[in-house]
Amino acid sequence: MKVTRVSAFEIYKALSAENPSQNQEKDAPNVKREENGLHVSKKSRRTKRKHNKIKVLKVLPKDVLSKMKSAKQEGVHKPNIGVKEVLNCSGTERTDDRLHKGKILKEKKAKVEQDAAETVTSLPTKLPGSAKPLVGPALETVFEELGKIQNSKERAAKLFQWFISPISAKKFFSEIWEKKPALIRRHNPDYYKGLFSTAEFDRILRDNDVQYGVNLDVTSYSNGERETHNPPGRALPFNVWDFYKNGCSLRMLNPQAFSVTVWNVLSILQEQFGSMAGANVYLTPADTQGFAPHYDDIEAFVVQLEGKKHWRVYNPRTKEEVLPQVSSPNFSQDEIGEPILEVVLEAGDLLYFPRGFIHQGDCLSDTHSLHITISSFQKNSWGDLLDKLLPAALQIAIEEDVEFRQGLPLDYLSYMGVQNSEKDDPRRTDFTEKLQGLIKKLAKFAPVDAAVDQKAKDFLHDCLPPVLTEEEKATSVFGVPTRWEDGDARDVAVQINGKTKIRLLRKCVARLCSEGEAVILYHTVENSRVYHKEEPKFFEVDSEHTDSVEFLIHSYPTYVTVESLPCEIPDDKISIAELLFEKGLLLTKNPLPSS
């Protein structure tokens, strides 16, 4: 029987139009998803619906509807009518006003494209540079140079400097970070070559189990409406590239899970920020837009890898939206005002904007766009630290100070609360002053170091595992030549003695934390490349070994001998060194001999 094929995107969009909740971005309270590799909470927001909204199914020509109906009846799950039929015919129901707005937007985009070279002069931050190409070392060369640096903090600083060159890191953090957007033009399309590519995107789809909604989002933004078109299951190239050809944007949510290069970059940069570094990759067809205007709760570095993209960035709308703790819902154009920055990014350029700055990007008519957004500093504010500190301080205060355990006034409900807020009652003043005094007193009970350790535990759980250089592999447990050979296990034991020189693998690879009577060492070596796929990794440290672990942490990056560890018993020095080596946390100065 001959079956009429319809495109995957076409049947998906048409059928989902009858149930918009499946394909529209919902703004429900406390909805959490992974954005830029980070956990994002969306604010709740009542979506404004226009009364004249037309569902896609209602505007399909009869012949298209009949093909889809017959395909559905015959059990065809991957139909193949071109989505352009739907998009084009849906335009027959547009109002004159909507057509007029579309014409204005198209003319404006053409003007931006024509004047792209001049837009840099209107930026809020004018950076050094000229029309001459900025030539920097290739990424492969950068990695080679980083491998020669022993201190992982210095390694992170050097990579970040390459990342934002020619502006200095000192200038960036003093004048721009968390304050305002900045554009770095390079006039060099190969500056970030090797970081990621469309060919790599295709390879990942072919070679890996990429799941819709987990690793990949298919999105579109048209006529002020943002939609997500994720089918269930694996994202196979046949369907993904069909979506793309039909005007959908593709967002890879955690490219570090599939790309060693992205993993390496992020694992190094996380030590620069003292916070997880995440990434999303965005592939957008020409003359389309994949996302509505919105702001994020992360510091964003937009790295243009291929093609061009037209960006508009807007100031936070109110002081309450400056450096927000959560990402915004989708905005309409009339909610965000005029952009403070409008620019076309070309390959090799970088655009930075702080959390809270509204942004949107759309493709020009003559080229696709591939960019990667690298992000950090989510939930890393003073308020987030106080969120951990104050409950602990209050619990200690209640346990140690009887004033916090004394009862409330018997009649306080009769004069306190909103319903009594307009009362002119002296008891209200006394009550408020008493409460303010307790709050001030609370500060002396604050366990600051313990709260910081809780933040550090979160950081280590968020972190990517380190990517080892060849030298590091050779001098760690990962390079030990243990193997099965000639019917037996060979080189199972290694020789660590008092003269062996050791140091930690990375500056931020581990953290000692006190939890009750136990001392716990949290670490990142066994973390997953997928955000929070694994539980936090840790093990308990014996009390006689605690000083030695602290000694190694504070000695980094200097190699120290095992016999210099501050343990009273020589055998304990060997024991803690062997334990840390076996866990992958230690490097030795030279490869260890096998017994």
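Asp 486 is found in the loop between strand E13 (483-485) and strand E14 (488-490). The model described here is a predicted one. Although Asp 486 is not a glycine, its phi is positive, at about 50°. With a relative accessibility of 67%, Asp 486 counts as exposed, because exposed residues are those over 50%.

A positive phi also occurs at Asp 287, again a residue that is not a glycine, with a value of about 65°. Asp 287 lies in the loop between E7 and strand E8 (299-314). Its relative accessibility is 43%, so Asp 287 counts as partly exposed.

**Overall composition**

The chain contains 17 helices and 20 strands. Of its 595 residues, 48% are buried. Among contacts between residues at least 6 apart in sequence, 80% join residues at least 24 apart.

**Cis peptide bonds**

The bond from Ser 165 to Pro 166 is cis, and its omega is near 15°. Pro 166 sits in the loop between helix H7 (152-164) and helix H8 (169-176). Tyr 556 and Pro 557 are likewise joined by a cis peptide bond, with omega at about 5°. The loop that holds Pro 557 runs between helix H16 (546-555) and strand E19 (560-561).

**Helix packing**

Two packed helices are described by the angle between their axes and the distance between the axes. The table gives these values for two pairs.

| Helix pair | Angle between axes | Distance between axes |
|---|---|---|
| H12 (residues 382-400) and H14 (residues 448-462) | about 120° | 9 Å |
| H6 (residues 139-147) and H11 (residues 260-273) | roughly 45° | within 12 Å |

H12 and H14 are therefore oblique to each other, and their crossing is right-handed. On the H12 side, the contact is formed by Asp 384, Leu 385, Lys 388 and Leu 389. These residues meet Val 448, Ala 451, Val 452, Gln 454, Lys 455 and Asp 458 of H14. Sorted by class, the contact of H12 with H14 comprises 5 nonpolar, 1 polar and 4 charged residues.

H6 and H11 are likewise oblique to each other, given their angle. The crossing of H6 and H11 is left-handed. Here H6 contributes Leu 139, Phe 143 and Leu 146, while H11 contributes Thr 261, Asn 264, Val 265 and Ile 268. The contact of H6 with H11 has 5 nonpolar and 2 polar residues, and no charged ones.

**The two sides of helix H9**

In helix H9 (residues 198-207), the buried residues are Phe 201, Ile 204 and Leu 205. Viewed down the axis of H9, these buried residues fall within an arc of 100°, so they line one face of the helix. Ala 199, Arg 206 and Asp 207 are exposed on the other side of H9.

The packing partners of the buried residues of H9 include both helical and strand elements. They are strand E4 (216-222), helix H10 (237-245), strand E6 (249-252) and strand E7 (277-284).

Asn 188 belongs to the loop between strand E3 (182-184) and H9. With a relative accessible area of 13%, Asn 188 is buried, because buried residues are those under 20%.

Arg 317 is placed in the loop between E8 and strand E9 (341-346). At 37% relative accessibility, Arg 317 counts as partly exposed. Leaving aside neighbours within four places in sequence, Arg 317 is in contact with Phe 331, Glu 335 and Ile 358. The C-alpha atoms of Arg 317 and Gly 356 are 8.7 Å apart in space, and the two residues are 39 residues apart in sequence.

Technical notes: Residues numbered from 1 in each chain as written. Predicted model: local features only at pLDDT ≥ 70, side-chain atom pairs only at ≥ 80, totals over all residues. Heavy atoms only, no water. Buried < 20%, exposed > 50% of the residue type's maximum accessible area, 1.4 Å probe, protein only. Helix = DSSP H or I, 4+ residues; strand = E, 2+ residues; numbered from the N terminus. Arc of directions from axis to C-beta. Contact = heavy atoms within 4.5 Å. Axes fitted to C-alpha atoms, helices over the stretch in contact; angles between N-to-C directions. Parallel < 35°, antiparallel > 145°, perpendicular 65-115°, else oblique. Left-handed = near helix turned anticlockwise from the far one by under 90°. Nonpolar A, V, L, I, M, F, W, Y, C, P; charged D, E, K, R; others polar.
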